[in-house]
Amino acid sequence: SWTLPGGGADRETEITIASNLATNQMQSFFWDINDSDLRYSPSGFPMVQCSPRVDVFDSKIFCSAELTHADGAERIGRRMLDPLAAISDPEMIVAIEQSFQSSKNTMLRDVLSSLDNVTGLTRGRATVIGHHAHYTGRVTYHSDVMANIQKLQAKDITTIVREWMTRERAT
């Protein structure tokens, strides 16, 4: 996991996409090496996931892996950090741009899907609009997030990863 600067609603889009990009990179990495300590889905995808927690004071990105047994936990944890360096590698720009666009599309899909979810324990429409209104003074959560997704550039995300999601800062 990593602690990132806070910012609440204003940073939600970029931190969520950074989290999605990290997931994509880790899944691609483990897909290629087929590690026996890591569990894979029936369709062959590595069971690796990063999730953001965006808050006003600080934000966090948590990454986890589903293991076949506990013996490889420390080794898999260290190996999960390896693919993040590729996000800042100029030779990987085409692959990163594709993964970035996929992450933007995923987030846009999730925002549009949330319009149908009127209530929920944590991410219902009323909750997200209420939190957004509280922190920004605007009730236009969905429009604001979609606009932020559209204006975001890959370099914005690679900067977050390069500065905040380093091996040295991982906990």
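User: Why does Ile61 count as buried?

Analyst: The relative accessibility of Ile61 is 0%, and buried means under 20% relative accessible area, with exposed meaning over 50% and partly exposed lying in between (1.4 Å probe, protein chains only). Ile61 is therefore called buried. Please keep in mind that this is a predicted model, in which local features need pLDDT of at least 70 and side-chain atom pairs count only at pLDDT 80 or more, while totals for chains, interfaces and linings use all residues. Residues are numbered from 1 along each chain as its sequence is written, and side-chain values use heavy atoms, with hydrogens and water left out.

User: Where is Ile61, and what does Ile61 touch?

Analyst: You will find Ile61 in strand β3. Helices (H or I, at least four residues) and strands (E, at least two) are DSSP runs, numbered from the N terminus. Setting aside residues up to four places away in sequence, Ile61 touches Ser1, Trp2, Leu4, Ile15, Ala18, Ser19, Cys50, Ser51, Pro52 and Met165, where contact means heavy atoms within 4.5 Å. Thr16 is 45 residues from Ile61 in sequence, yet their C-alpha atoms are 8.4 Å apart in space.

User: What makes a set of residues the nonpolar core here, and which residues have the most contacts inside the largest one?

Analyst: A nonpolar core is a set of buried Ala, Val, Leu, Ile, Met, Phe, Trp, Tyr and Cys residues joined through side-chain atoms within 4.5 Å. The largest such core has 35 residues, and Trp2, Met26, Ile61, Ile157 and Met165 have the most contacts inside it. Two or more of its residues come from each of β1, α1, β2 (48-53), β3 (58-65), α3, α5 (141-151) and α6 (154-164). Helix α1 gives the largest share, seven residues. As for Met26, its contacts beyond four places in sequence are Trp2, Val48, Cys50, Cys63, Met80, Pro83 and Leu84.

User: How do you know that Cys50 and Cys63 form a disulfide?

Analyst: Their sulfur atoms are 2.1 Å apart, and a disulfide is a pair of cysteine sulfur atoms within 2.5 Å. The pair meets that cut-off, so the name applies. A search of the whole structure finds one disulfide. Cys50 belongs to strand β2 and Cys63 to strand β3, 13 residues apart, and the pair links distant parts of the chain. Both Cys50 and Cys63 are buried.

User: Why is the disulfide of Cys50 and Cys63 called right-handed?

Analyst: That name follows from the torsion about the S-S bond, which is about 105°, so the disulfide is right-handed.

User: What makes Arg11 buried?

Analyst: Arg11 has a relative accessible area of 19%, which falls under the cut-off for buried, so Arg11 gets that label. Arg11 sits in the loop between β1 (2-5) and α1. Beyond its neighbours up to four places away, Arg11 touches Pro5, Gly6, Val54 and Ile160.

User: Why are Asn24, Gln27 and Asp110 called partly exposed?

Analyst: Asn24 has a relative accessible area of 22%, Gln27 has 21% and Asp110 has 39%. Leaving out residues up to four places away, Asn24 touches Ser99, Ser102 and Ser103, and Gln27 touches Pro46 and Val48.

User: What makes the space lined by Asn24 and Gln27 a pocket?

Analyst: On a 1 Å grid over the protein atoms alone, a cavity is a set of points where a 1.4 Å probe fits but cannot get out, whereas a pocket is an open set with protein on both sides within 12 Å along at least five of seven lines; lining residues have an atom within 4 Å of a point. The second largest pocket has a lining that includes Asn24, Gln27, Trp31, Phe45 and Gln98. Two or more lining residues come from each of α1 (12-33) and α3 (93-114), and α1 gives the largest share, five residues. About 200 Å³ of space lies in this pocket, where grid points are joined across faces, edges and corners and a volume is the space filled by probe spheres set on the points.

User: How many of its lining residues are nonpolar, polar or charged?

Analyst: The lining divides into five nonpolar, six polar and no charged residues. Here Ala, Val, Leu, Ile, Met, Phe, Trp, Tyr, Cys and Pro count as nonpolar, Asp, Glu, Lys and Arg as charged, and the others, Gly among them, as polar.
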